[in-house]
Amino acid sequence: MDYLPLFLDIRNQQCLVVGGGEVALRKVRLLYSAGAVVRVVSPLIHKDIETLLANADHQLYARTYQPEDMDDVKLVIAATSDGELNLKVSQHARQKNLFVNVVDDGQVGNAIMPSIVDRSPVITAFSTGGKAPVMARHMRQTLEGILPANYGNLAEMAGRFRHRVISEVKDINRRRQFWEDALQSIASEKALRGDLEGAERLLEQLLYDMSDEMVGEVYLIGAGPGDPELLTFKALRLMQQADVVLYDNLVSKEIVDLCRRDADLIYVGKRCSNHTFTQEEINSMMVDFAKVGKRVARLKGGDPFIFGRGGEELETLAEANIPFQIVPGITAASGCASYAGIPLTHRDYAQSAQFITGHCKFDADEIDWDKMKDPRQTLVFYMGINNLDKICNMLIKFGTEPERPVAIVYKGTTAYQRVFTGTVDTIADIAKEHKVKPPSLIIIGNVVKLKDKLEWFNPVSDSALHEPCHC
Ligand code: SAH
């Protein structure tokens, strides 16, 4: 992080603005609305600045800047159109250990004025570090659209009711639950409409209704194949509510970073060191956390119900009477196929698709190899990369054409994605040659022929094999 975001209480503090034009006017307005005492120095001063700062506390000096103008100020803004002067102001301010913002050139100063969306008391501030002002404008437009005009009323409502909740609900988890419920209730709607008193009456009712007993909940969430943008809205919402997050090695760091900031994040995937959580340990952790009222997000790669042992985990919860919700995710087959440009079905090439585990005993009893020779279907093997030669041998043995096309998608949908293609009789050697590791998905069938025409996602992946691991 190049800058520390910070909100300053600048009320009644002296701030210097060097410059008196349109740009200075914008900065003066901001300082004024935050309650600062503003000193403006510029040979020419915009008439709107004069009007705004007509009050005696503020100071307007219609002359050129002098270093003494910085005496007793807390913050300096250089807003002239003269780059050299801005630089000089910035140097003086730095010598005096003051924070200085230089408009249009954040690098020269040591403070950046962020873009803001003001729904006071809720203020959203963001910055591109001065690198992409247009991007900042887009972000602002988006946020302006998302945050209702009266959004600040919600915070106002919460502020007015806060002490009552603290004194009546001692347990911090229950308090958090109260506010989660409150913010999704009709009380919020009333507050957004401006009826703060009506909102408060409803909050009181809600507080009264809260039962003493509180059991948590478990959210079994499919986090998709890797690209964080493939998360569902629901996944994201519940990830941001959970108090505890248990996540696997298939869940990327970028996705884990989207969980609530103060949640306990517990990695339960395979460890580089010797301790691995057993399935039983994970199950009982979920039950134990939920029993003390925590909301637990169990984050799994892809879809929890596709080779994800989601069913087993939920059985334990059901037996312990712990409430749960299931959020489906995009499974590796869908994600990898899309990002590799390989449709899993296609009217001309494949009328069905099978998802098969490649982590198996390789006897005919466990998997029906005989059913796989039909060329009008697509076969997708999960967890098969370390058994690829065995899989291909079995396929050929049971009648699959050795020339059937095969694609391997390594870390599909992520910046590390690599796709290797071959045929059933060549792909095992190709994978060995490139030392392809898990997680990789194997797609077999004539649909693979479409890849060259439809591929669209080609991340630069020189560092492909060096992604940091979670443990
Ligand atoms: N529940 C998961 C699958 C878990 S099994 C899902 O629905 O996707 C683990 C296997 O999934 C891996 O061995 C690999 O075959 C596949 N897999 C998961 N994510 C992948 C990815 N991003 N790229 C390639 N294969 C992936």
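**Domain layout and ligand site**

The protein divides into domain 1 (14-113), domain 2 (151-208), domain 3 (217-330) and domain 4 (334-463), with bounds from an automatic or database domain assignment. The model is predicted: local features require pLDDT of at least 70, side-chain atom pairs count only at pLDDT 80 or more, and totals for chains, interfaces and linings use all residues. Residues are numbered from 1 along each chain as its sequence is written, and side-chain values use heavy atoms, with hydrogens and water left out. The centres of domain 1 and domain 2, taken over C-alpha atoms, are 41 Å apart.

The shell around the ligand holds 18 residues, where a residue is near a molecule if one of its heavy atoms lies within 4 Å of it. Asp303, Ile306, Thr331, Gly412 and Ser440 come nearest. Domain 3 and domain 4 each contribute at least three residues to the shell. Helix α13 (332-340) and strand β17 (440-444) each supply at least two; helices (H or I, at least four residues) and strands (E, at least two) are DSSP runs, numbered from the N terminus. By class, the shell has eleven nonpolar, five polar and two charged residues. Here Ala, Val, Leu, Ile, Met, Phe, Trp, Tyr, Cys and Pro count as nonpolar, Asp, Glu, Lys and Arg as charged, and the others, Gly among them, as polar.

A polar backbone atom of Ile306 is 2.7 Å from a ligand nitrogen atom. For Pro225, a backbone N or O atom lies 2.8 Å from a nitrogen atom of the ligand. At Ser440, a backbone N or O atom lies 2.7 Å from a ligand oxygen atom. The ligand taken alone exposes 550 Å², of which the protein buries 93% (Shrake-Rupley method, 1.4 Å probe).

Technical notes:
Polar contact = N/O pair within 3.5 Å; in protein donor to acceptor, adjacent residues only side chain to side chain.
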